[in-house]
Amino acid sequence: MDNYNFWSNLLDTFQSSPDWIKALWLIVPPAFVLGLVALTLRFRIESRKVERRFDGELVYSIHRDAGNQLHVISHIPLAEGRTPLLLLNPADTTETVRDLIGK
């Protein structure tokens, strides 16, 4: 066991392997490195996009409950008891749209 050399054994195995295995040995490591670099760059680009914030403030959120109803949540204080958002009845909106279009 004193004469055993890992690199000698590795190169001997490489030389005695079939050509398609040699091609894989030469293609897989660079492909792995290129894939790793591509993933790293994509992660860095996407993380910079996420870090960009809007200059304003959050005014409304929309929440869907278990009953599939949508709730509009206001994040600003209400002034003089008024609601910050006017929700129209869907039947009224279709009639209003028809009136605007001219039937």
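## Surface and overall make-up

How much accessible surface does the chain have, and what share of it belongs to carbon and sulfur atoms? The total comes to about 10200 Å², with 62% belonging to carbon and sulfur atoms. Areas like this come from the Shrake-Rupley method with a 1.4 Å probe, and for residues only the protein chains shown count as cover.

A quick word on the model: it is predicted, so local features need pLDDT of at least 70 and side-chain atom pairs count only at pLDDT 80 or more, while totals for chains, interfaces and linings use all residues. Residues are numbered from 1 along each chain as its sequence is written, and side-chain values use heavy atoms, with hydrogens and water left out.

## How the chain is laid out

You'll find three helices and two strands here, and along the sequence they follow the pattern α-α-β-β-α. Both kinds of element are DSSP runs numbered from the N terminus: helices are H or I with at least four residues, strands are E with at least two.

Of the chain's 103 residues, 1% count as buried. Buried means under 20% relative accessible area, exposed means over 50%, and partly exposed is in between (1.4 Å probe, protein chains only). As for contacts (heavy atoms within 4.5 Å), take those with a separation of 6 or more: residues 24 or more positions apart account for 6% of them.

## Aromatic pairs

Rings of Phe, Tyr and Trp (its six-membered ring) pair if their centres lie within 6.5 Å; planes under 30 degrees apart are stacked, over 60 edge-to-face, and the rest tilted. That rule gives two aromatic pairs. In one, the ring centres of Phe6 and Trp7 are 5.2 Å apart and the planes sit at 75 degrees, so this pair is edge-to-face. Phe6 is partly exposed at 48% relative accessibility, whereas Trp7 is exposed at 57%.

Then there are Phe14 and Trp25, with ring centres 5.3 Å apart and planes at 45 degrees, so that pair is tilted. Phe14 belongs to helix α1 (residues 6-16) and Trp25 to helix α2, so the pair ties together parts 11 residues apart in sequence. Phe14 is partly exposed at 22%, and Trp25 is also partly exposed, at 39%.

## A nonpolar patch

Trp25 turns up again in a nonpolar surface patch of about 650 Å², along with Trp20, Leu24, Leu26, Ile27 and Val28. Patch residues have over 30% relative accessible area and no salt bridge, with like charges joined within 9 Å and nonpolar side chains (Val, Leu, Ile, Met, Phe, Trp, Tyr) within 5 Å. A salt bridge is a side-chain nitrogen of Lys or Arg within 4 Å of a carboxyl oxygen of Asp or Glu.

Leu24 sits in helix α2 (residues 19-51) and is partly exposed, at 40% relative accessible area.
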